[in-house]
Amino acid sequence: MFAALVILGAIAGSALASPNVSPVGYNDLFKRISSGCSTSGPASCHNTTRETDLCCFEAPGGLLLQTQFWDTDPSTGPSNSWTIHGLWPDNCDGTFSENCDSSRDYTDIAGLLQDQGASDTLSFMQEYWVDINGQNEQFWEHEWSTHGTCYSTLKPSCLPSGSPKGAEAVAFFETVVKLFKTLPTYDFLSQAGITPSTSKTYSLTTLTNALKDATGVTPALNCDGSNLNEIEWYFNVKGSLIDGEFVAIDAPSKGSCKSSGIKYPPKSGGSSSTTTSPGSSPTGVSTLTYPYEG
């Protein structure tokens with residue numbers, strides 16, 4: 001059992017403490033599809049009896065990782081924001097499945113989002129969910145086919161009757177974006193006086209304490225050598241991934257960063273110079289040691 005269980009609202013509340021982040025109501029942002037599922041039951045990985053309705057209970061992949069990149073050379077995204085890597089459904093014991101349904105390996109994710117009325121989400125993704133080599137479409141296709149197809153609550157049979165083909169993928173990208181907006185990692189660190197630097201180093205305890213102070217939970221931090229470059233925020237979910245209640249939890253492991261000498265370098269050579277925080281409204285956008293997963 002994990003040490004901390006904190007409702008997503010606590011994270012959103014912490015995010016709103018930053019002057020750069022405007023209110024983002026999770027349930028207000030998704031109006032197109034309703035799962036029809038209750039959120040009054042147990043969170044994923046916390047059931048005491050066998051759950052049979054896997055359209056309304058995420059299993060077996062009920063340990064969710066919202067992963068973010070800090071890419072610096074070359075850099076991606078705004079200079080004052082981490083970027084989206086994905087949302088991965090690990091099994092409750094830390095194992096995981098990938099590429100669960102090749103018949104739903106959709107291509108042209110941008111077109112799918114546009115055709116189903118999610119142009120606002122696409123615009124946000126084009127700034128905050130970007131590939132280090134500029135191959136955004138391939139990156140999005142990979143994250144959907146590798147991880148998105150493994151969610152039990154996103155099976156086509158779980159969607160409302162008459163839903164268009166690919167609606168579950170649209171719901172996936174909508175959910176990832178909305179969850180990311182509640183997790184402005186850059187702002188959480190900045191509030192504690194931790195900003196990118198070419199000379200400063202930090203201990204793992206300093207970094208994780210700052211993030212826990214902001215959110216109530218401890219994420220996992222990954223490093224490339226001594227450079228901080230990825231964070232994993234962990235959740236369970238009550239109900240469906242489409243419109244369920246996310247429950248933030250402590251990371252079950254500390255990630256790959258060493259205990260001291262961690263660098264948080266500034267971005268250089270970035271493709272974007274905007275200073276918009278992920279929780280605010282960019283132009284055109286309305287308003288948590290496992291094997292590596294890509």
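1. What is the pairing when the bonded cysteines of the protein are numbered in sequence order? The pairing runs 1-4, 2-5, 3-8, 6-7, 9-10, and a search of the whole structure finds five disulfides. The model under discussion is a predicted one, and the points below should be read with that in mind.

2. One of these disulfides is formed by Cys45 and Cys92, whose sulfur atoms lie 2.1 Å apart. The torsion about their S-S bond is about -90°, so this disulfide is left-handed. The pair ties together distant parts of the chain, since Cys45 sits in the loop between α1 (8–16) and β2 (63–69) while Cys92 sits in the loop between β3 (83–90) and α2 (109–115), 47 residues apart. Cys45 counts as partly exposed at 22% relative accessibility, and Cys92 counts as partly exposed at 42%.

3. Another disulfide joins Cys55 to Cys158, with an S to S distance of 2.0 Å, and this link is left-handed, with -75° about the S-S bond. Here too distant parts of the chain are linked, with Cys55 in the loop between α1 and β2 and Cys158 in the loop between α4 (136–146) and α5, 103 residues apart. Cys55, at 22% relative accessibility, is partly exposed, whereas Cys158 is buried because its relative accessible area of 12% falls under the 20% limit.

4. A disulfide also joins Cys223 to Cys257, again with S to S 2.0 Å, but the link of Cys223 and Cys257 is right-handed, with 95° about the S-S bond. Cys223 belongs to strand β5 (residues 220–224) and Cys257 to the loop between β7 (245–249) and β8 (262–263), so that distant parts of the chain, 34 residues apart, are linked. Cys223 counts as buried at 14% relative accessibility, and Cys257 is buried with a relative accessible area of 1%.

5. Turning to helix packing, the axes of helix α3 (residues 119–128) and helix α5 (residues 167–181) come within 10 Å and cross at roughly 60°; the two helices are therefore oblique to each other, and their crossing is left-handed. In this contact Thr121, Phe124, Met125 and Tyr128 of α3 meet Phe173, Glu174, Val177, Phe180 and Lys181 of α5, and the residues divide into six nonpolar, one polar and two charged.

6. A last point concerns Asn209, which is found in helix α7 (residues 204–215) and counts as partly exposed at 41% relative accessibility. Asn209 and Ala192 are 17 residues apart in sequence, and their C-alpha atoms are 9.3 Å apart in space.

How values were computed. Residues are numbered from 1 along each chain as its sequence is written. This is a predicted model: local features need pLDDT of at least 70, side-chain atom pairs count only at pLDDT 80 or more; totals for chains, interfaces and linings use all residues. Side-chain values use heavy atoms; hydrogens and water are left out. Helices (H or I, at least four residues) and strands (E, at least two) are DSSP runs, numbered from the N terminus. Buried means under 20% relative accessible area, exposed over 50%, partly exposed in between (1.4 Å probe, protein chains only). Axes are lines fitted to C-alpha atoms, for helices over the stretch in contact, and angles run from 0 to 180 degrees between N-to-C directions. Angles under 35 degrees count as roughly parallel, over 145 as roughly antiparallel, 65 to 115 as roughly perpendicular and the rest as oblique. A crossing is left-handed if the near helix is turned anticlockwise from the far one by less than a right angle, and right-handed if clockwise. Contact means heavy atoms within 4.5 Å. Ala, Val, Leu, Ile, Met, Phe, Trp, Tyr, Cys and Pro count as nonpolar, Asp, Glu, Lys and Arg as charged, and the others, Gly among them, as polar. A disulfide is a pair of cysteine sulfur atoms within 2.5 Å.
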